[in-house]
Amino acid sequence: PRIVSWSPGSRGPGARAAVAAAAAAAARTCCFCCCCCPDKPCKMSAAGPGRCFRVALVTAMSLNLLLAQDAPLKQSPSAHSAVRLFTDEELAKYNGGEDNQPIYMAIKGVVFDVTLGKEFYGKDAPYNTLAGRDSTRAIAKMSLESKDLTHDTKGLTDDELKSLDDVFNSLYKTKYPIVGYTARRILNDDGSPNKDFKPEDQPHFNIKDEF
């Protein structure tokens with residue numbers, strides 16, 4: 001397998017506190033249903049997709065991108081094609097439930113280490129339900145409903161697909177290191193290697209062999 005060596009750069013107490021404060025404040029606003037819809041019931045429950053999830057995610061994106069700008073670039077000594085494959089069962093082990101485990105989540109079959117965003121994805125955090133699985137559909141629809149916690153993108157609108165790509169490229173690939181790919185991304189339905197598979201480019205991370 002290959003691992004990712006990432007230098008978080010200058011992230012002082014003030015920047016870190018800003019992220020924590022934003023997460024805490026969002027968590028206090030009735031599951032992110034804030035002043036934009038005060039007369040409507042909370043939609044982040046199982047009863048609805050959570051319209052205000054978009055507002056919260058955009059806010060998180062802004063904070064994440066701000067913090068990511070300070071990360072210094074490292075020179076990569078070499079480039080390799082080896083990747084780590086995650087089954088659904090293996091990915092589920094990294095759902096933020098264990099203190100001694102990193103937190104992983106997948107989008108579009110790409111597995112990200114989101115441990116840096118523990119305030120968002122850790123145990124009892126606002127977006128913890130997205131961790132330990134491929135949450136592609138949930139990200140596209142800005143939803144935390146159980147039916148959307150899946151890799152399946154069938155039936156998504158053009159706007160939802162565009163939103164998915166924007167968040168994937170502008171937030172997750174910018175801030176969180178890629179640690180592998182799901183079996184669906186690498187293999188065909190019959191288990192054979194997908195000849196069209198191409199690892200994602202993540203130039204501000206230093207990808208190297210583990211040994």
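**A walk through the predicted model**

Let's start at Asp-124, which sits in the loop between helix 4 and helix 5 (helices are DSSP runs of H or I with at least four residues, strands are runs of E with at least two, and both are numbered from the N terminus). Its phi is positive, about 65°, although Asp-124 is not a glycine. That stands out because most residues other than glycine have a negative phi. Asp-124 counts as exposed, since its relative accessibility is 74%; here buried means under 20% relative accessible area, exposed means over 50%, and partly exposed is in between, using a 1.4 Å probe and protein chains only. Met-142 also has a positive phi without being a glycine, this time about 50°. You'll find Met-142 in the loop between helix 5 and helix 6, and with a relative accessible area of 4% it is buried.

A word on what you're looking at. This is a predicted model, so local features need pLDDT of at least 70 and side-chain atom pairs count only at pLDDT 80 or more, while totals for chains, interfaces and linings use all residues. Residues are numbered from 1 along each chain as its sequence is written, and side-chain values use heavy atoms, with hydrogens and water left out.

How confident is the predictor? The protein chain has a mean pLDDT of 73, with 57% of its residues at 70 or more (pLDDT is the predictor's confidence in each residue, from 0 to 100). Two stretches call for some care. Over residues 1–12 pLDDT stays under 50, and the model gives them 39 contacts beyond four places in sequence, a contact being heavy atoms within 4.5 Å. Residues 26–49 also stay under 50, with 38 such contacts.

Now to the inside. The largest nonpolar core has 29 residues, and Phe-112, Tyr-121, Leu-130 and Tyr-172 touch the most other members. A nonpolar core here is a set of buried Ala, Val, Leu, Ile, Met, Phe, Trp, Tyr and Cys residues joined through side-chain atoms within 4.5 Å. Strand 3 (104–107), strand 4 (110–113), helix 4 (118–121), helix 5 (136–141), helix 6 and strand 5 (178–182) each supply at least two residues of this core. Helix 6 gives the most, with five residues. As a general point, nonpolar side chains in soluble globular proteins tend to be buried together.

Helix 6 deserves a visit of its own. Its 18 residues (158–175) should span 26 Å at 1.5 Å a residue, and the end C-alpha atoms are 25 Å apart, which agrees; the expected span is 1.5 Å times one less than the number of residues. Along the way helix 6 bends by about 35° at Phe-168, the bend being the angle between axes fitted to the seven residues ending there and the seven starting there. Phe-168 is one of the buried residues of helix 6, which also include Leu-164, Val-167, Leu-171, Tyr-172 and Lys-173.

On to the charges. There are eight salt bridges, each a side-chain nitrogen of Lys or Arg within 4 Å of a carboxyl oxygen of Asp or Glu. Within helix 6, Asp-166 pairs with Lys-162, with the closest N and O atoms 3.0 Å apart; the two are four residues apart, about one turn of the helix. Asp-166 is partly exposed at 36% relative accessible area, while Lys-162 is exposed at 52%.

Another salt bridge joins Glu-200 and Arg-185, at 2.7 Å from N to O. This pair links distant parts of the chain: Arg-185 is in helix 7 (183–186) and Glu-200 is in the loop between helix 7 and strand 6 (206–209), 15 residues apart. Glu-200 is buried at 19% relative accessible area. Salt bridges with shared partners bring Lys-173, Arg-185 and Glu-200 into one network.

Last stop, Asp-148. It forms a salt bridge with Arg-137, the closest N and O atoms being 3.5 Å apart. Asp-148 lies in the loop between helix 5 and helix 6 and Arg-137 in helix 5, so the pair ties together parts eleven residues apart in sequence. Both partners are buried, with Asp-148 at a relative accessible area of 2%. Not counting residues up to four places away in sequence, Asp-148 touches Arg-137, Ala-138, Lys-141 and Ser-143.
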